Amino acid sequence: MGKVDVNNGNGKHDLTAVATLEHRLELTPEEIPLAVRLEATTPQSDRLAEIVRLLLQELGMDIENQHFRETPERVARFYREFTRGVCVKPETILKTFRSEVRELVAVSAIDFFSLCPHHLLVYGGKIHFGYIPNGQIVGISKIPRLVHAMAARPIVQEELVSSIADAFMSVVKPTGCIVKAIGKHDCIGVRGVQCPAVAMTTVTKRGIFEQERIYSEEFDRAITEGQRCVR
């Protein structure tokens with residue numbers, strides 16, 4: 001009889017590894033203190049933190065040094081934070097409202113950070129988003145939430161803008177949408193060619209933005225004006 005609660009590699013509790021008293025999911029009041037004692041004495045493990053600890057040792061770091069002592073856990077939390085969007089479901093983020101509006105809606109200067117899948121280094125910058133409604137609109141806060149969720153994973157910038165556009169089109173079904181990202185990448189800023197000033201711009205268009213140039217031009221004017229807004 002016992003309880004084993006193992007933190008698996010993605011930071012979630014593996015319920016298949018949990019056994020309760022007499023294989024029951026509910027405990028009587030008399031059994032609760034025993035269960036609490038077993039919980040307190042159960043060794044906790046985190047594979048990701050252990051991997052980071054091994055990495056530091058392999059690099060010759062003294063993991064008993066005060067500055068490294070909690071580093072494995074910190075780094076594990078960092079990578080879980082930056083990969084939380086792997087299983088994102090856009091339909092749970094994009095709340096829609098019925099509307100007869102058919103004009104451009106633009107949201108500019110959305111801060112974003114993501115991970116380069118080639119080196120697992122951070123890149124980030126600004127994303128500008130626009131769409132033409134077709135019977136429904138979304139709450140303005142949902143667009144940055146979608147951007148942040150889609151960016152929280154290892155993905156190249158070229159594919160990030162496409163995935164944001166495709167997710168929005170599939171849920172909101174607008175006449176069209178456009179996503180523009182301007183990012184700076186640590187993988188070329190601090191290593192390799194070491195060009196920290198280099199910025200990368202990627203643009204993806206869907207629907208009417210692909211078909212009618214006038215909408216893309218209106219979008220560019222809108223985000224330029226948006227960035228001048230001071231409140």
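This is a predicted model: local features need pLDDT of at least 70, side-chain atom pairs count only at pLDDT 80 or more; totals for chains, interfaces and linings use all residues.
Local features are given where pLDDT is at least 70 and side-chain atom pairs where pLDDT is 80 or more, while totals for chains, interfaces and linings use all residues. Residues are numbered from 1 along each chain as its sequence is written, and side-chain values use heavy atoms, with hydrogens and water left out.

**View 1. Overall fold of the protein, with eight helices and six strands.** Helices (H or I, at least four residues) and strands (E, at least two) are DSSP runs numbered from the N terminus. Along the sequence their order is α-α-α-β-β-β-β-α-α-β-α-β-α-α. Of the 231 residues, 35% are buried (under 20% relative accessible area; exposed is over 50% and partly exposed lies in between, with a 1.4 Å probe and protein chains only as cover). The accessible surface is about 14,400 Å², and carbon and sulfur atoms contribute 55% of this area (Shrake-Rupley method, 1.4 Å probe; for residues, only the protein chains shown count as cover). Among contacts (heavy atoms within 4.5 Å) with a separation of 6 or more, 68% join residues 24 or more positions apart.

View 2. Gln157 is buried because its relative accessibility is 1%. Its side chain makes a polar contact of 3.1 Å with the side chain of Thr202 (a pair of N or O atoms within 3.5 Å; within protein, one must be able to donate a hydrogen and the other to accept it, and residues adjacent in sequence count only if both atoms are side-chain atoms). A polar atom of the Gln157 side chain also lies 3.2 Å from the backbone oxygen of Ala181. Leaving aside neighbours within four places in sequence, the residues in contact with Gln157 include Tyr123, Ile182, Gly183, His185, Met200 and Thr201.

View 3. Thr71, Pro72, Ala76 and Arg80 are the buried residues shown in α3. Helix α2 is included in what covers the buried residues of α3.

**View 4. Nonpolar surface patch of Leu55, Leu59 and Met61.** The patch has an area of about 280 Å². Patch residues have over 30% relative accessible area and no salt bridge; like charges are joined within 9 Å and nonpolar side chains (Val, Leu, Ile, Met, Phe, Trp, Tyr) within 5 Å. A salt bridge is a side-chain nitrogen of Lys or Arg within 4 Å of a carboxyl oxygen of Asp or Glu. Met61 is in the loop between α2 (47–58) and α3 (71–81). With a relative accessible area of 34%, Met61 is partly exposed.
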